[in-house]
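Student: Hi! Could you walk me through this structure, starting with how some of its parts pack together?

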Amino acid sequence: MRPVRFNINPKEAQANTSIGMANTPAGYSGEGFFATQLSSVVGLARKNSLWPMPFATSCCGIEFMATMASHYDLARFGAERVGFSPRQCDLLMVMRTIAKKMGPVLKQVYLQMAEPRWVLSVGACASSGGIFDTYSVLQGIDQIIPVDVYVPGCAPRPEAILDGFMKIQELVGKESIRRRNSDHYKALLATYGIE
Amino acid sequence: MSLTNNKIKEKLVQKFGESVCGFEENYELLTFEAPKEINLKVLQFLYDDEELNFQFMTDLCAAHYPDNIGKELAVVYHLHNLKDNIRLRFKVYTSIQKPDVYTATQLFSAANWMERETYDFYGVNFVGHPNLKRILNVDEMDYFPLRKEYPLEDQTRLDKDDEMFGRGGTVV
């Protein structure tokens, strides 16, 4: 028998231990001023306030719901606000099988997002077609849109999705603010036929 | 039970003679075939006859038999007599070189989408169909995926090692 555990010894909430603080970026500080690179401040702000756009077609979407809910709580990472309009969102989270007929829809959603935008591919099907090695299923969403982070699994547990999300945060935090204007980035988009 | 399989068979043979053939009863489901030229006549007869009353089309599909030379594609009609609660299966065969079969849309509205689906997956050309175009697959698809000569797997992938899937061959 597993003992039933009641919360009989509640832990007092303490602001200094239970609230995570972002580390100050490297820079010069003195009395009344702090100087650092613009890109690290922008990166810090962006990575801790990502707005996800869930594009969930089936079972990985269920895992994503668990990830959003109170137990795993994606909101801890500054992603409290799940937007259902691509125009307001920064992060496209594609969860599970994208059929070939769905491909143009997904691409349209990606195109509607404003720069800077990131893409997280959740699950084996979104990443590679997974078990659906068949004529009707897109063999990985990277055939139509660029992907930043892949989360493997069928379906991945919420921990894995959180790990993928943290990898995205890492990318976002380190990204140069000029990357999206670079020729390299434009060439990358051009390979997908996106201007 | 007023209507039996034997009765249906009798009436069909009486009306169409030698043309309807291949009668069999699998799990008490009457199945028979007819030349594709008279498919509408048979369906109309089954629909109009006072005793038969097969006025509900449950399903319409096709099957591909590559070894059945000259009769590679079978179009199968599943009909239901709601009054006596009897079902039957009616098949017509066509060659894959000229897969023309008359459309049943004038008789059954339900046949519209099902014929589109059959066209989509097997390429059966339903003559007289009001809107014969793909319904489930992408419009750009240039083959009929459920015909046996096409492998199930997506052929555009270069990174899959067939050995890992028990099919032999290696990634070059």
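This is a predicted model: local features need pLDDT of at least 70, side-chain atom pairs count only at pLDDT 80 or more; totals for chains, interfaces and linings use all residues.

Student: What angle do α3(A) and α6(A) pack at, and how far apart are their axes?

Tutor: The angle between α3 (residues 59–68) and α6 (residues 158–174) of chain A is about 75 degrees, and their axes are 9 Å apart. Axes are lines fitted to C-alpha atoms, for helices over the stretch in contact, and angles run from 0 to 180 degrees between N-to-C directions. Helices here are DSSP runs of H or I with at least four residues, strands are runs of E with at least two, and both are numbered from the N terminus.

Student: Which residues make the contact?

Tutor: From α3(A) come A:E63, A:F64, A:A66 and A:T67, and from α6(A) come A:P158, A:I161 and A:L162. Contact means that C-beta atoms, placed from the backbone, lie within 7 Å.

Student: Switching topic: what is the strand order in the open sheet of chain A?

Tutor: Its 4 strands run β3-β4-β5-β6, with parallel pairing. Two strands pair if DSSP finds at least two bridges between them. At the edges are β3 (52–56) and β6 (149–151) of chain A, each with a single partner strand, so one side of each has no neighbour in the sheet.

Student: How many bridges join β5(A) to β6(A)?

Tutor: There are 3, and β5 (residues 118–122) of chain A runs parallel to β6(A). In β6(A), A:V151 is the bridge partner of A:V122.

Student: And chain B, what is the order in its open sheet?

Tutor: That sheet has 5 strands in the order β1-β2-β5-β4-β3 (chain B), with mixed pairing. The twist averages 20 degrees from one strand to the next.

Student: Which strands does helix α3 of chain B touch?

Tutor: Helix α3 (residues 111–122) of chain B packs on the sheet and touches β3 and β4 (73–81) of chain B. The direction of α3(B) makes about 10 degrees with that of β3(B).

Technical notes. Residues are numbered from 1 along each chain as its sequence is written. Chains are lettered from A and ligands numbered from 1 in the order in which they are written. Two residues are in contact if their C-beta atoms, placed from the backbone, lie within 7 Å.
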